[in-house]
Amino acid sequence: MRDLFSKILLTMSAAFLCCASFSAAASLQVFACEPEWASLASEIAGDKVKTFSATHARQNPHYIKARPSLMSKVRRADIIICSGADLEVGWLPLLLERASVGVQPGSPGNLMAYQYVPLIEIPTVIDRSMGDVHPDGNPHVHLDPQNLLLVGKELSNRLTLIDPGNAQFYQKRYDAFESRLSQAIIRWREEGKDLRGMQIITNHKSLSYLIKFFGLEEVASLEPRPGLPPTASHLKKVLNQVESQNVRAILRAPYESDKGAKWISAKRGIPDLVVPYTVGGDSESGDIFALFDRSLELLNSVR
Ligand SMILES: [Zn+2]
């Protein structure tokens with residue numbers, strides 16, 4: 001009888017231990033459209049989340065395919081976090097067709113960063129027929145570190161709604177992130193102060209927020225419109241335009257074509273500078289802080 005009682009007790013303890021450890025290990029599934037948002041989620045939520053990024057730094061976030069493997073990831077997600085403003089318009093709506101109610105637009109589990117930051121380059125006339133892929137304004141919002149504070153705050157609010165039991169944890173993590181990033185912003189402004197007014201050319205308008213943050217002067221873009229590849233006539237126009245100017249670099253993201261940049265670089269001797277663009281964009285940009293440290297280092301190197 002006593003043996004039977006012990007056996008039952010052991011079984012119950014094992015069951016309790018099993019479930020307690022499962023509960024401790026369970027974490028929210030974060031589906032980020034881009035690496036910067038996966039990195040932000042790790043900053044705010046630490047080991048309470050498992051993050052997945054749909055794209056990596058060598059993929060153009062405008063143009064990936066809605067693969068079945070991404071669909072299964074979205075289906076399992078408790079929250080999705082993306083740039084929005086049409087950056088993912090070619091693939092995210094397809095993924096969301098089969099996703100749960102909790103991550104649909106309007107739900108706490110659907111966070112679009114552009115809704116929480118001041119957008120720049122909002123066109124006065126929208127003409128999609130001309131190939132403009134930024135019809136609602138520039139969607140590459142993560143490259144102003146001040147925007148990461150705003151989106152980080154909203155992310156901690158959303159996580160609290162979805163997982164109220166860990167509200168204090170998310171608040172504490174956000175406060176620590178806010179303090180660390182605010183201090184870093186002061187340092188980046190100081191270390192980047194001589195970059196103000198430095199003339200650069202861009203390829204796509206992917207770096208506009210970084211350019212604005214450091215006060216660079218963009219004198220030309222190799223794409224005639226965002227998303228429209230450079231034409232020979234446009235490149236010649238840019239070449240003539242920069243002849244009498246002191247352009248220090250042609251900036252582009254790792255996933256952008258080097259064709260136009262190399263052509264101008266060869267003609268005018270202007271460095272073709274690949275900046276990391278997002279977390280993982282080069283071996284030194286392993287997180288949000290390193291991304292800006294590295295970008296600043298590269299910009300200062302051509303000053
Ligand atoms: Zn773009």
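**Contacts in a predicted model**

Mentor: Glu190 has a relative accessible area of 47%, so this residue is partly exposed. Keep in mind that the model is predicted.

Trainee: Which side chain does Glu190 meet in a salt bridge?

Mentor: A salt bridge needs a side-chain nitrogen of Lys or Arg within 4 Å of a carboxyl oxygen of Asp or Glu. For Glu190 the N to O distance in its salt bridge is 3.0 Å.

Trainee: About how many helical turns separate Glu191 and Arg187?

Mentor: Glu191 and Arg187 form a salt bridge, with their closest N and O atoms 3.5 Å apart. Glu191 is partly exposed at 41% relative accessibility, and Arg187 is partly exposed at 34%. Both belong to helix 6 and are 4 residues apart, so the separation is about one helical turn.

Trainee: How many salt bridges does the count come to?

Mentor: Side chains of opposite charge can pair when their charged atoms come close. Salt bridges also link Asp282, Glu284, Arg294 and Glu297 in a network. The count of salt bridges comes to 12.

Trainee: Where do Cys33 and Cys82 lie, and how many residues apart are they?

Mentor: A search of the whole structure finds 1 disulfide, and Cys33 and Cys82 form a disulfide with their sulfur atoms 2.0 Å apart. This pair links distant parts of the chain. Cys33 is in the loop between strand 1 (28–32) and helix 2 (35–45), and Cys82 is in strand 3 (residues 79–82). The number of residues by which Cys33 and Cys82 are apart is 49.

Trainee: Is the disulfide of Cys33 and Cys82 right-handed or left-handed?

Mentor: Cys33 counts as buried at 0% relative accessibility, and Cys82 counts as buried at 0%. The torsion about the S-S bond of Cys33 and Cys82 is about 50°, so the disulfide is right-handed.

Trainee: What is the geometry of the zinc ion site?

Mentor: The zinc ion is coordinated at 2.0 Å by the NE2 atoms of His62, His134, His140 and His204. Four donors count as tetrahedral if all angles lie between 85 and 135 degrees. The angles among the 4 donor atoms of the zinc ion are 105 to 111°, and the site is tetrahedral.

Trainee: How are the donor residues of the zinc ion spaced in sequence?

Mentor: Among the donors are His134 and His140. His134 counts as buried at 3% relative accessibility, and His140 counts as buried at 0%. The spacing of the donor residues is H-x71-H-x5-H-x63-H.

Trainee: Is the pair of Phe177 and Phe289 stacked or edge-to-face?

Mentor: The count of aromatic pairs comes to 7. For Phe177 and Phe289 the ring centres are 6.0 Å apart and the planes are at 75°, so the pair is edge-to-face. Phe177 lies in helix 6 (residues 167–191) and Phe289 in helix 10 (residues 288–301), so parts 112 residues apart in sequence are tied together. To return to the word asked for, the Phe177 and Phe289 pair is edge-to-face.

Trainee: Which residue has its charged end over the ring of Phe289?

Mentor: Phe289 is buried, with a relative accessible area of 5%. Ring pairs link Phe289 with Phe177, Trp188 and Phe292 into a cluster. The charged end over the ring of Phe289 is 3.7 Å from the ring centre and belongs to Arg180.

Methods
Residues numbered from 1 in each chain as written. Predicted model: local features only at pLDDT ≥ 70, side-chain atom pairs only at ≥ 80, totals over all residues. Heavy atoms only, no water. Disulfide = S-S within 2.5 Å. Helix = DSSP H or I, 4+ residues; strand = E, 2+ residues; numbered from the N terminus. Buried < 20%, exposed > 50% of the residue type's maximum accessible area, 1.4 Å probe, protein only. Donors = N, O, S within 2.8 Å, 3.2 Å for Na, K, Ca; no water. Tetrahedral: all angles 85-135°; square planar, octahedral: opposite > 155°, others 65-115°. Phe/Tyr/Trp six-rings, centres within 6.5 Å; stacked < 30°, edge-to-face > 60°. Lys NZ or Arg CZ within 6 Å of the ring centre and 35° of its normal.
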